[in-house]
Amino acid sequence: MYEEIFENYEAIIFFDTETTGFDAKKCQIIELAAIRVEHDNGLVPAARMDTFISLPAGEKLPGKIVELTGITDALLEAEGKAEDAVLSNFLKLAESKNGKKILLVAHNAQFDLNFLFASCKRCHIPLASARKHMDFLDTLTVFKDRRAYPHKLSDAIKAYHLEDQVQNTHRAIDDVEALAAVFWAMQEERADLLRYVNIFGYNGRYGISGERISGIRYH
């Protein structure tokens, strides 16, 4: 089911963010979670992270974000880590160990990558070296090709009958585990995921959300 993917990639990084809003230039990541899967481990994670990120002094979470995610100001104050440290840990988890490519996977990857890159820029963390080894895959783009509307992660969970295994809770680590399950279900359904690498779909009526990402072909 997964041998073909690992012929091309050293590892797959499934990742997700929870944020304070929708604009990567004005808002920030408050939770970053990721799972690294390598061929030698089968589908068992080789590494994982799930970390909260502190808000700048004096800032508070919007009420709608608290309602959606269950993340509170008190939680971030108690468990949040510095933004630059969390990003550095993520990039370390996603680094290439032998020079082979790494495949980063997200559902609506355009959103998560915009936030990830904006955060690195804000923290003066260079990405050029890491980006050389990174390819990207958006399961939302795949799902839109395979199923009719709606296309949220929760809809993909239902479409692939994974409700008894994973949940879309709008908490990053839960959604990463759901994302991984959906990805492998997609690969089992039709082993053509590699043709979606570095290709992101978008709604022509609304245009591309956020900034265009270098190396991505939009259609």
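Reply: The side chains of Thr-17 and Asp-112 are joined by a polar contact of 2.6 Å (a pair of N or O atoms within 3.5 Å; within protein, one must be able to donate a hydrogen and the other to accept it, and residues adjacent in sequence count only if both atoms are side-chain atoms). This is a predicted model, in which local features need pLDDT of at least 70 and side-chain atom pairs count only at pLDDT 80 or more, while totals for chains, interfaces and linings use all residues. Residues are numbered from 1 along each chain as its sequence is written, and side-chain values use heavy atoms, with hydrogens and water left out.

Me: Is Thr-17 buried or exposed?
Reply: Thr-17 counts as buried because its relative accessibility is 4% (buried is under 20% relative accessible area, exposed over 50%, partly exposed in between, with a 1.4 Å probe and protein chains only).

Me: What does Thr-17 touch?
Reply: Leaving out residues up to four places away in sequence, Thr-17 touches Ile-29, Glu-31, Leu-32, Phe-111 and Asp-112; contact means heavy atoms within 4.5 Å.

Me: Which strand is Thr-17 in?
Reply: Thr-17 is in strand E1 (strands are DSSP runs of E, at least two residues; helices are runs of H or I, at least four; both are numbered from the N terminus).

Me: And how do E1 and E2 pair?
Reply: E1 (residues 11-19) and E2 (residues 29-38) pair in the antiparallel sense over nine bridges; pairing needs at least two DSSP bridges between two strands.

Me: Now the whole sheet. What is the strand order?
Reply: The order is E3-E2-E1-E4-E5, in an open sheet with mixed pairing. E3 (47-52) and E5 (134-138) each have a single partner strand, so one side of each has no neighbour in the sheet.
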